[in-house]
Amino acid sequence: MEVSGLPVELWQLILSYLRLPDLGRCSLVCKAWYELVLSLDKTRWRQLCLGCLEHRHPNWPNQPSVEPRSWREAFKQHYLASKTWTKNTQDLESSNCLSLFRRRKGRRQLCIGAAGEFSSLRAALAAASPYDCLVLLPGVHEEQGEVLLKVPVEVVGQGNLGDVALLASIDQHCPTARLCNMVFMPARFTSVLYKTTSGYVQFDNCNFESGQLQIHAPGTCQVKFCTFSQSSIHLRSMALCVLENCEFTGSENASVTVEGCPSSDRNWACKHLAVLAKSCTPSMREPDPAGCPTAKQDGWGESLLGPVRTCEIVVGEERSSFLSAVGAQALLGSAQEDTEFRENLQAAKEEECPALNSNSSDSDLHSNDEEDAQAVYKLPYQAHSLSHTLADVTHSRLQSNRLHALQRDLKLKSLQQELQQDKEAQSLANSLQGCIIRQCLFRDGKGGIFIYAQGQAKLEGSIFRDLTYAVRCIQNSKVIMLRNDIHHCKASGIFLRLSAGGLIADNNIHSNCEAGVDIRKGANPLVLCNKIHSGLRSGIVVVGNGKGIIRSNQIYGNKEAGIYILYNGNPAVSGNHIFQGLAAGIAVNENGRGQITGNIICENQWGGVDIRHGGDPVLRNNLISCGYSDGMVVGEHGKGLIEGNVIYGNKGCGVWMMSSSLPHLINNEISHNSIYGVAVFCRKDHAADYSHGQGRSESFQEEREGAGGENDSDSEEDYPAAQRPISVALVELNSINHNGAAGLHVKSSEALNIIANVIHANCDDGVAVLQSSQLTCIANNSISCNSREGVLVEAECQVELRGNGIYENSSHGIVSKGEGVIAENDIIGNHRCGLQLLQAADMKVTKNRIQSFRDYGIALFDEAKGLVQENLIFQGTSKKSILRPMSNAEDCIIQNNVLLTFKKRFDMECMLINPPARPHIEGGAPESCTAADGQRVSSITTRVDGGCHNHGSIFCTIL
């Protein structure tokens, strides 16, 4: 017969009436007929798949409305899986054809029921031969005692699911069995529905009500298309078992319990289950290119999170903006506010700081000869040790390139990329051991899956919702979770403790009442490429010596910290995007630690990173941007090494510190923040209540009590700061520029060291020391082009200013009303006085090089006193050198100062050569945070006593 004899549509109509065996025979006729049979996928193959009583829709129970890619392939997989129980027979091992099995001589079909041959299952089993089919007729079948299954048989319910109910407790003693298409209910004397300790059992399309399945190694099982209503499965020491397309509802405890290390004594069925599991492994999905999804709305009311914006950096020529159009608009408004702020500052400055000599011809700031005068009198200072960093700050193109490079380096990785780079994660993702749970639904109960005592489980493509918890893994157990959806749990979604581990990857974890992932008591999982969002508490909590690698996750829209680390928690957090949280992006509290590197932390309501109460993390190479408050908060008794980060465009300060904290801020870019670049305060930290509010319904009592004595044995070796306490906060080698107020604002009751920073073009003072009851050391900094004074020191403050270059600030170079030392600074080209001492200032001013273009080099007012000697004062256009009122001549000693006047431009070019322009740093300029090719560079620095570093620290060099 030729296919071309009739239209294809007619052939498809004819073939759609054939039964399965006839379709198989037709496909063997020729290639054309084979293709015709394949073309029936959405018609005849769909009918056969949905019409079979032994299984349900291929995507049941999670997505029954979504059609599979191929109905024929789905039917084939179901068919092959349903026959696994027959593969232990020696005489059929070489045959893959079911028809041979069906024709086997002696295989019988025994009917059980009122109209059948046997009145009870027990009677039929007594008469059954191996591999007979026992058919339960519609009705309720109740067995009075425990039923022993001694021969391998198939027990099938006739009719639709629900027509046959079996009230019995079955104990399997045979090597294999299959039960299909019936409702299991417990007998009156026990809650155990079925148990086996050695054989393999297969359940297809069954309902289990108010009972328990018990499978103990070396026994194993395959459960598919089954419903568990207030029922559970207890698996002990499973080498390998498979649960697929099952629904668990209303459990009073865990729906699935996995106990014990996988047994080395394997059942005959394990190799067949492994083949089946590999053939059904879904491919890894790529992340949504459109970005994070909007959190879904459901019965819980409106989502915590509105439309989610993608994490994308948009860089302009002059000022770079971050994130979406909404964020760009917000920054535009901020820029307009900054402009108004600058105008107000300029007006206030002119009102507050009039020229000291109004009759001077130089008081006319708009002179036609001003540019020529500047060219003659300007001292070149650009060759100082921090000039390279300053060039990066002032050159908008370099800043743009740096942000583009940072965006490229911190791009979120897909799971495929992570698995290619991490062999341990790849091995875990491909492992087939313990209990494999796929495409299941766990809902409306207490617990989903409980794994303990070295148990192992692998969960793929399942949904956990409206439970108390989804997964608990404890006591050296291991869980592998891929592509699951976990939401609306009343406690934490995933809970790991007591040295539990495994892989949690590519899951959607959201809208849980407690943490999305809770890691405690030495648990050490890999958490990769998940979306953790819209939680009513934190996204991830690491508590009580918990560890873990947290990488390439999207963590957003959580009500509390995206990642919360406390009580000696010590995770490695890298490559994550943490954004749009309603609190801090990352909070490190109560002696928490952690290595936090290469993350994008943006648009959070509180600080991008919040460190308090002994928190002591290492933060390197993160982008902390566009927060609605401060970029980073180091609260009361906070610590940490904060190195190589870009802290950019936050609505509050770049870094907000308590004076009682002891952080090391090293080599960070702190720019374009709306208030201060770095602010140090000594007032009471009211926000410290955050730590207690964070755990208001979640108990950390165990971790709190054990935090002191439960440190890891290797913690001191891995974490040098644990054995070398820090005594002085250090701000070193940072670039602090273009912030909306002072670059560095200090109101401190503790000592502070400000070393070798570039403080440039901030919209107020470069450094403002308003309170400093202990010594604030400001050394070897470049402080330039700020909108007001380079350095402001208020009354009763103790300050040492040494080796700084203070250039071209819009008001005075230094204004001091306090006490201390001003030595060996270059104070050049500032628009008003080079140095001004006011009120009760008591300063030792020695060996400075000072030039004011329009005003006095040094001006002393009020009751200022101290020593002014051996300073070199360059003449400006005003021809003014030192202004000193006569009232305090006895208290203020002025001696051995040198005034230089010049008439030739050649002389000016030679002024800052011996020694060269300050700051001077031994070994030349420090390395930029970004290498020439845009790759992030971090110098690993060890913290030691005295608040300095033992690897080339600038501070150590000065001491």
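The model is predicted: local features need pLDDT of at least 70, side-chain atom pairs count only at pLDDT 80 or more, and totals for chains, interfaces and linings use all residues. Residues are numbered from 1 along each chain as its sequence is written, and side-chain values use heavy atoms, with hydrogens and water left out.

The protein comprises 19 helices and 77 strands; these are DSSP runs numbered from the N terminus, with helices (H or I) of at least four residues and strands (E) of at least two. Of its 959 residues, 59% count as buried, that is, under 20% relative accessible area with a 1.4 Å probe and protein chains only, whereas exposed means over 50% and partly exposed lies in between. Among contacts (heavy atoms within 4.5 Å) with a separation of 6 or more, 53% are accounted for by residues 24 or more positions apart. Carbon and sulfur atoms hold 50% of the accessible surface, which comes to about 38000 Å² by the Shrake-Rupley method with a 1.4 Å probe.

Helix H1 spans residues 8-15 and includes Ile 14. Because its relative accessible area is 42%, Ile 14 is classed as partly exposed. Together with Leu 6, Leu 10, Leu 13 and Tyr 17, Ile 14 forms a nonpolar patch on the surface, with about 500 Å² of accessible area.

Ser 264 belongs to the loop between strand E19 (254-259) and helix H8 (270-279). With a relative accessible area of 76%, Ser 264 is exposed. Pro 218 is 46 residues from Ser 264 in sequence, and the two lie 8.4 Å apart in space, C-alpha to C-alpha.

Note on methods
Patch = residues over 30% accessible without salt bridge, like charges linked within 9 Å, V, L, I, M, F, W, Y side chains within 5 Å. Salt bridge = Lys/Arg side-chain N within 4 Å of Asp/Glu carboxyl O.
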